Amino acid sequence: MSTWVVGLWGVAALATSLASCKSTAPPGPYSTPAAVSRSTVEAEALSREGADLVEKDSARAETLLCQALTKDLFYGPAHNNLGVLYLKQDKLYEAANEFEWARKLIPGHPDPRVNLAITLERAGKIEEALASYGAALEVFPDYLPAIEGIASLTARAGKKDERLAGWLDSIAMRSEEPAWRTWACSHRAKFPP
(Lines give C-alpha, C1' and ligand atoms only; values in the text may rest on other atoms or scores of the structure.)
Protein backbone atom coordinates (compact mmCIF):
# COMPACT_ATOMS: atom_id res chain seq x y z
CA MET A 1 0.00 0.00 0.00
CA SER A 2 2.74 2.51 0.84
CA THR A 3 4.54 1.77 -2.46
CA TRP A 4 1.37 2.66 -4.32
CA VAL A 5 1.01 6.00 -2.48
CA VAL A 6 4.69 6.88 -3.09
CA GLY A 7 4.22 5.95 -6.76
CA LEU A 8 1.26 8.29 -7.08
CA TRP A 9 3.14 11.10 -5.33
CA GLY A 10 6.11 10.54 -7.67
CA VAL A 11 3.89 10.69 -10.76
CA ALA A 12 2.20 13.84 -9.46
CA ALA A 13 5.57 15.49 -8.73
CA LEU A 14 6.87 14.58 -12.19
CA ALA A 15 3.74 15.95 -13.86
CA THR A 16 4.00 19.18 -11.88
CA SER A 17 7.66 19.65 -12.77
CA LEU A 18 6.99 18.98 -16.47
CA ALA A 19 4.12 21.43 -16.49
CA SER A 20 6.26 24.13 -14.90
CA CYS A 21 9.05 23.53 -17.45
CA LYS A 22 6.59 23.88 -20.28
CA SER A 23 5.10 27.09 -18.96
CA THR A 24 8.43 28.81 -18.23
CA ALA A 25 10.11 27.92 -21.50
CA PRO A 26 10.05 30.79 -23.99
CA PRO A 27 7.83 30.23 -26.99
CA GLY A 28 9.55 29.22 -30.19
CA PRO A 29 9.54 31.56 -33.18
CA TYR A 30 7.00 29.39 -34.98
CA SER A 31 4.70 28.75 -32.06
CA THR A 32 1.12 29.80 -32.60
CA PRO A 33 0.07 32.51 -30.18
CA ALA A 34 -2.90 31.67 -27.99
CA ALA A 35 -6.12 33.42 -28.92
CA VAL A 36 -6.12 35.14 -25.51
CA SER A 37 -2.69 36.66 -26.19
CA ARG A 38 -3.85 38.21 -29.47
CA SER A 39 -5.42 41.63 -29.53
CA THR A 40 -7.03 42.18 -32.89
CA VAL A 41 -8.63 45.45 -31.80
CA GLU A 42 -5.23 46.92 -30.87
CA ALA A 43 -3.68 45.50 -34.05
CA GLU A 44 -6.38 47.14 -36.14
CA ALA A 45 -5.89 50.54 -34.48
CA LEU A 46 -2.10 50.39 -34.84
CA SER A 47 -2.38 49.21 -38.44
CA ARG A 48 -4.70 52.09 -39.38
CA GLU A 49 -2.43 54.61 -37.69
CA GLY A 50 0.62 53.14 -39.42
CA ALA A 51 -1.10 53.09 -42.82
CA ASP A 52 -1.95 56.77 -42.43
CA LEU A 53 1.75 57.56 -41.91
CA VAL A 54 3.23 55.54 -44.81
CA GLU A 55 3.60 58.66 -47.00
CA LYS A 56 4.52 61.11 -44.22
CA ASP A 57 6.77 59.21 -41.80
CA SER A 58 7.83 55.77 -43.02
CA ALA A 59 9.96 54.99 -39.95
CA ARG A 60 7.07 55.65 -37.56
CA ALA A 61 4.70 53.78 -39.89
CA GLU A 62 6.96 50.72 -39.86
CA THR A 63 7.18 50.82 -36.07
CA LEU A 64 3.40 50.99 -35.71
CA LEU A 65 2.78 48.22 -38.27
CA CYS A 66 5.29 45.94 -36.55
CA GLN A 67 3.62 46.70 -33.22
CA ALA A 68 0.28 45.79 -34.79
CA LEU A 69 1.69 42.42 -35.82
CA THR A 70 3.07 41.94 -32.32
CA LYS A 71 -0.47 42.43 -31.02
CA ASP A 72 -1.92 40.00 -33.57
CA LEU A 73 0.39 38.18 -35.98
CA PHE A 74 -2.67 36.99 -37.91
CA TYR A 75 -4.10 40.45 -38.68
CA GLY A 76 -3.90 40.42 -42.48
CA PRO A 77 -4.41 44.15 -43.15
CA ALA A 78 -1.29 44.96 -41.09
CA HIS A 79 0.73 42.59 -43.28
CA ASN A 80 -0.71 44.23 -46.39
CA ASN A 81 0.05 47.73 -45.08
CA LEU A 82 3.59 46.74 -44.12
CA GLY A 83 4.02 45.29 -47.59
CA VAL A 84 2.91 48.60 -49.13
CA LEU A 85 5.50 50.40 -47.01
CA TYR A 86 8.24 47.99 -48.10
CA LEU A 87 7.17 48.31 -51.73
CA LYS A 88 7.48 52.11 -51.50
CA GLN A 89 11.00 51.58 -50.11
CA ASP A 90 11.84 49.17 -52.98
CA LYS A 91 12.31 46.31 -50.52
CA LEU A 92 10.72 43.90 -52.97
CA TYR A 93 11.52 40.65 -51.16
CA GLU A 94 10.13 41.95 -47.86
CA ALA A 95 7.07 43.39 -49.61
CA ALA A 96 6.33 40.12 -51.41
CA ASN A 97 6.62 38.22 -48.13
CA GLU A 98 4.12 40.53 -46.41
CA PHE A 99 1.69 40.36 -49.33
CA GLU A 100 1.87 36.54 -49.23
CA TRP A 101 0.97 36.64 -45.54
CA ALA A 102 -1.91 39.04 -46.24
CA ARG A 103 -3.13 36.93 -49.18
CA LYS A 104 -3.39 33.89 -46.93
CA LEU A 105 -4.94 35.73 -44.00
CA ILE A 106 -7.57 37.67 -45.98
CA PRO A 107 -8.31 35.28 -48.84
CA GLY A 108 -11.43 37.09 -50.03
CA HIS A 109 -9.73 40.43 -50.57
CA PRO A 110 -8.03 41.29 -53.89
CA ASP A 111 -5.64 44.00 -52.61
CA PRO A 112 -2.84 41.70 -51.40
CA ARG A 113 -2.89 39.92 -54.77
CA VAL A 114 -2.76 43.20 -56.72
CA ASN A 115 0.02 44.48 -54.48
CA LEU A 116 1.93 41.23 -54.91
CA ALA A 117 1.49 41.55 -58.69
CA ILE A 118 2.93 45.07 -58.62
CA THR A 119 5.87 43.81 -56.58
CA LEU A 120 6.50 40.91 -58.96
CA GLU A 121 6.18 43.25 -61.93
CA ARG A 122 8.85 45.56 -60.46
CA ALA A 123 11.06 42.52 -59.92
CA GLY A 124 10.73 41.64 -63.60
CA LYS A 125 8.67 38.50 -62.97
CA ILE A 126 6.07 39.16 -65.67
CA GLU A 127 4.38 35.75 -65.77
CA GLU A 128 4.07 35.59 -61.99
CA ALA A 129 2.71 39.16 -61.92
CA LEU A 130 0.09 38.31 -64.54
CA ALA A 131 -0.89 35.25 -62.52
CA SER A 132 -1.25 37.34 -59.37
CA TYR A 133 -3.43 39.92 -61.16
CA GLY A 134 -5.47 36.99 -62.47
CA ALA A 135 -5.82 35.63 -58.92
CA ALA A 136 -7.13 39.02 -57.79
CA LEU A 137 -9.74 38.89 -60.54
CA GLU A 138 -10.75 35.38 -59.47
CA VAL A 139 -11.44 36.71 -55.98
CA PHE A 140 -13.17 39.88 -57.21
CA PRO A 141 -13.91 39.70 -60.96
CA ASP A 142 -14.72 43.40 -61.50
CA TYR A 143 -11.94 44.86 -59.34
CA LEU A 144 -10.76 47.86 -61.37
CA PRO A 145 -7.19 48.11 -59.96
CA ALA A 146 -6.63 44.46 -60.96
CA ILE A 147 -8.13 45.07 -64.40
CA GLU A 148 -5.93 48.14 -64.89
CA GLY A 149 -2.85 46.25 -63.77
CA ILE A 150 -3.39 43.15 -65.87
CA ALA A 151 -4.38 45.14 -68.97
CA SER A 152 -1.40 47.45 -68.68
CA LEU A 153 1.10 44.64 -68.11
CA THR A 154 -0.41 42.51 -70.88
CA ALA A 155 -0.12 45.41 -73.34
CA ARG A 156 3.39 46.42 -72.26
CA ALA A 157 4.62 42.83 -72.38
CA GLY A 158 3.11 42.37 -75.85
CA LYS A 159 1.11 39.37 -74.69
CA LYS A 160 -1.80 38.09 -76.71
CA ASP A 161 -4.91 37.72 -74.58
CA GLU A 162 -8.47 37.66 -75.91
CA ARG A 163 -9.64 39.32 -72.68
CA LEU A 164 -7.57 42.47 -73.27
CA ALA A 165 -10.24 44.24 -75.36
CA GLY A 166 -12.82 43.69 -72.60
CA TRP A 167 -10.42 44.93 -69.94
CA LEU A 168 -9.72 48.05 -71.98
CA ASP A 169 -13.47 48.69 -72.40
CA SER A 170 -13.96 48.31 -68.66
CA ILE A 171 -11.16 50.76 -67.88
CA ALA A 172 -12.42 53.29 -70.46
CA MET A 173 -15.94 53.20 -69.01
CA ARG A 174 -15.28 52.80 -65.30
CA SER A 175 -12.02 54.51 -64.40
CA GLU A 176 -12.25 57.82 -62.57
CA GLU A 177 -8.72 58.68 -63.66
CA PRO A 178 -8.60 60.54 -67.00
CA ALA A 179 -5.12 59.16 -67.72
CA TRP A 180 -6.40 55.58 -67.45
CA ARG A 181 -9.42 56.32 -69.65
CA THR A 182 -7.21 57.95 -72.29
CA TRP A 183 -4.73 55.08 -72.19
CA ALA A 184 -7.49 52.48 -72.50
CA CYS A 185 -9.18 54.28 -75.41
CA SER A 186 -5.92 54.65 -77.32
CA HIS A 187 -5.07 50.99 -76.86
CA ARG A 188 -8.65 49.88 -77.57
CA ALA A 189 -8.39 51.32 -81.09
CA LYS A 190 -5.84 48.57 -81.78
CA PHE A 191 -8.45 45.91 -81.01
CA PRO A 192 -11.55 46.43 -83.19
CA PRO A 193 -14.71 44.49 -82.27
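These legends walk through close-up views of a predicted model. Local features need pLDDT of at least 70 and side-chain atom pairs count only at pLDDT 80 or more, while totals for chains, interfaces and linings use all residues. Residues are numbered from 1 along each chain as its sequence is written, and side-chain values use heavy atoms, with hydrogens and water left out.

**View 1. The largest pocket and its lining.** Here is a pocket with a volume of about 170 Å³. Its lining comprises Glu44, Ser47, Arg48, Ala51, Tyr75, Pro77, Asn80, Asn81, Ile106, His109, Asp111 and Pro112. Helices H2 (40-53), H4 (76-88) and H6 (111-122) each give two or more residues, and H2 gives the most, with four. By class, the lining has five nonpolar, four polar and three charged residues. (A pocket is an open set of points on a 1 Å grid over the protein atoms alone, where a 1.4 Å probe fits, with protein on both sides within 12 Å along at least five of seven lines; lining residues have an atom within 4 Å of a point. The volume is the space filled by probe spheres set on the points. Helices are DSSP runs of H or I with at least four residues, numbered from the N terminus. Ala, Val, Leu, Ile, Met, Phe, Trp, Tyr, Cys and Pro count as nonpolar, Asp, Glu, Lys and Arg as charged, and the others as polar.)

**View 2. Helix H6 against helix H7.** H6 and H7 (residues 126-139) pack at about 170° with axes 8 Å apart, which makes them roughly antiparallel (an angle over 145 degrees, between N-to-C directions). On the H6 side, the contact (heavy atoms within 4.5 Å) includes Val114, Leu116 and Ile118; on the H7 side, Ala129, Tyr133 and Val139 are among the partners. Ten nonpolar, one polar and three charged residues make up this contact.

**View 3. Helix H5 against helix H6.** With axes 9 Å apart, H5 (residues 92-105) and H6 pack at about 155°, and they are therefore roughly antiparallel. H5 passes H6 in a left-handed crossing (the near helix is turned anticlockwise from the far one by less than a right angle). Leu92, Phe99 and Arg103 are among the H5 residues that meet H6, whose own contributors include Pro112, Leu116 and Arg122.

**View 4. Helix H8 crossing helix H10.** The axes of H8 (residues 144-157) and H10 (residues 178-188) come within 12 Å and cross at roughly 45°. Glu148, Ala151, Ser152 and Ala155 in H8 meet Trp180, Trp183 and His187 in H10.

Terms used: Axes are lines fitted to C-alpha atoms, for helices over the stretch in contact, and angles run from 0 to 180 degrees between N-to-C directions. Angles under 35 degrees count as roughly parallel, over 145 as roughly antiparallel, 65 to 115 as roughly perpendicular and the rest as oblique.
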